[in-house]
Every structure is written in C-alpha cells, then in structure tokens.
Amino acid sequence: MGRKNKREPWEEEEEIIWVSKTEMKRDMEELQKLGEELVALKPSVLAKFPLDDDLRTAISDAQRFDKEAKRRQMQFIGKLMRARDPEPIQAALDLLRNKHSQQSIELHKMEKLRDRVVAEGDAAINDVVAQYPTADRQKLRQLARQAKKEQEGNKPPKAYREIFQMLKTLKAESED
C-alpha cells in the first residue's frame, strides 16, 4: 500500500502556469477598455459586431447611462467580457479602425490627383482619363483652367472643389 497519490515515473508532470494578481487585473482592465470602445460606437456600427444578447444589452444600457451608473455598467461589461472570447470582438474593432484609415488615405490620394490636375494640366488629365475611362476630358480641362484662374485671382476655390467631386464620383463609379 505504499505509494498513495504518487505518479509513476513514466508519467509526465503537468506544467502549472502561475498568473500574478497584477497580471489578472491588467487583463481585466484591458477587457473593460475594450468594452468602453464598444460603448463609444454608434448602434448601427455595433450591430455588425459578433456580440451575444447579454453583452449587446449591457452595451446599449451603458450608452444611455450617465456618471456613476455608467461607471458601474462599464465594470459589469468588463465582467461579461471575461466570460467571452475577446478575439473576434477585437478583430472586428481593428477592422473598423483600418477601414477608417483606408478611407482617409484614399481621400488624400484624390486630393493629390486634383492638385496635379490643376498644376500640370493636360499631362495629369491624361492620367485621370487613363485611370477612369468614363472621365470627361473636356470638362476636366475647363475646370482645371478655372481653378488656376481662381488661385491666381485669390477667389473662392469653386472649380477646385468641383474637380475633387468629379474625381470622387469617378472613383465610386469604378468601384461599382
């Protein structure tokens, strides 16, 4: 009867992973911050996130609350988040952030193209027509000349804005 609760020598030892209390608190705070980001989103955007009903209800409640009630609700959301896998939620949030930055990058590209059209004239217009075959070359030339005159005369940039809107429309048409 000698070896009570002892393993055989050929059995592998289980590895025990120790997690400090500070690390657990840090993880909980991260989940609560993720919940705060979700509360800051509009309901239409939030509808696209992979959330269960309890968490979705808690978030919509937190959006209605003020001050102390909101703080307590945020802690409750953090508690609910601990019982769920935060990876899909974090991935959806990262995708949302990336989409926003992609849109701003596209707008900057169109602004640079507009500036080239005004500054370079026909050379840049040929590039625009090559990129967007449905572009009206004559209208672009006319707007570029007007924009140049507006800049020289320190007038409001009406044609300059029209070129941007035209490029924006062409881009939207090409994506469809």
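Reply: A term to start with: helices here are DSSP runs of H or I with at least four residues, numbered from the N terminus. Also, this is a predicted model.

Me: Fine. How many salt bridges does a search of the whole structure find?
Reply: The search finds 11 salt bridges.

Me: Start with Asp61. What does Asp61 form a salt bridge with?
Reply: Its partner is Arg64, and the closest N and O atoms are 2.7 Å apart. Both sit in helix α3 (residues 53-64), where being 3 residues apart puts about one helical turn between Asp61 and Arg64.

Me: Is Asp61 buried, partly exposed or exposed? And what about Arg64?
Reply: Asp61 is partly exposed, at 21% relative accessibility. Arg64 is exposed, with a relative accessible area of 58%.

Me: Moving on to Glu106. Which side chain meets that of Glu106 in a salt bridge at 3.9 Å, N to O?
Reply: That is Lys109. Glu106 and Lys109 are 3 residues apart in helix α5, so about one helical turn separates them.

Me: And which residue forms a salt bridge with Glu106 at 3.3 Å?
Reply: Lys171, with 3.3 Å between the closest N and O atoms. Glu106 lies in helix α5 and Lys171 in helix α8, so this pair ties together parts that are 65 residues apart in sequence.

Me: How accessible are Glu106 and Lys171?
Reply: Glu106 counts as partly exposed, at 27% relative accessibility. Lys171 has a relative accessible area of 17% and is buried, because the cut-off for buried is under 20%.

Me: Which residues are linked in a network of salt bridges?
Reply: Asp52, Asp54 and Arg84 are linked in one.

Me: Now the inside. How many residues are in the largest nonpolar core, and which have the most contacts inside it?
Reply: The largest nonpolar core has 21 residues, and those with the most contacts inside it are Val117, Val128, Ala135, Leu140 and Ile163.

Me: Which helices each supply at least two residues of this core?
Reply: α5 (87-120), α6 (122-131), α7 (137-152) and α8 (158-175) each do. The largest share, 7 residues, comes from α8.

Me: Surface next. Which residues form a negative patch there?
Reply: Glu23, Asp27, Glu29 and Glu30 form a negative surface patch. One of them, Glu29, is found in helix α1 (residues 21-40).

Me: What makes the nonpolar surface patch?
Reply: Ile17, Val19 and Met24 make a nonpolar surface patch of about 300 Å². Val19 lies in the segment before α1.

Me: Last topic, backbone. What is the phi of Lys67?
Reply: Phi of Lys67 is near 50°, a positive value in a residue other than glycine. Lys67 is in helix α4 (residues 67-82), and at 76% relative accessibility Lys67 counts as exposed.

Me: And Asn154, what is its phi, and where does Asn154 lie?
Reply: Asn154 is not a glycine, yet has a positive phi of about 50°. Asn154 lies in the loop between α7 and α8. Asn154 is exposed as well, with 72% relative accessibility.

Conventions
Residues numbered from 1 in each chain as written. Predicted model: local features only at pLDDT ≥ 70, side-chain atom pairs only at ≥ 80, totals over all residues. Heavy atoms only, no water. Patch = residues over 30% accessible without salt bridge, like charges linked within 9 Å, V, L, I, M, F, W, Y side chains within 5 Å. Areas by Shrake-Rupley, 256 points an atom, 1.4 Å probe, with all protein chains shown as cover. Salt bridge = Lys/Arg side-chain N within 4 Å of Asp/Glu carboxyl O. Lys, Arg positive; Asp, Glu negative; His and termini not counted. Charge placed at Lys NZ, Arg CZ, Asp CG, Glu CD. Core = buried A, V, L, I, M, F, W, Y, C linked by side-chain atoms within 4.5 Å. Buried < 20%, exposed > 50% of the residue type's maximum accessible area, 1.4 Å probe, protein only.
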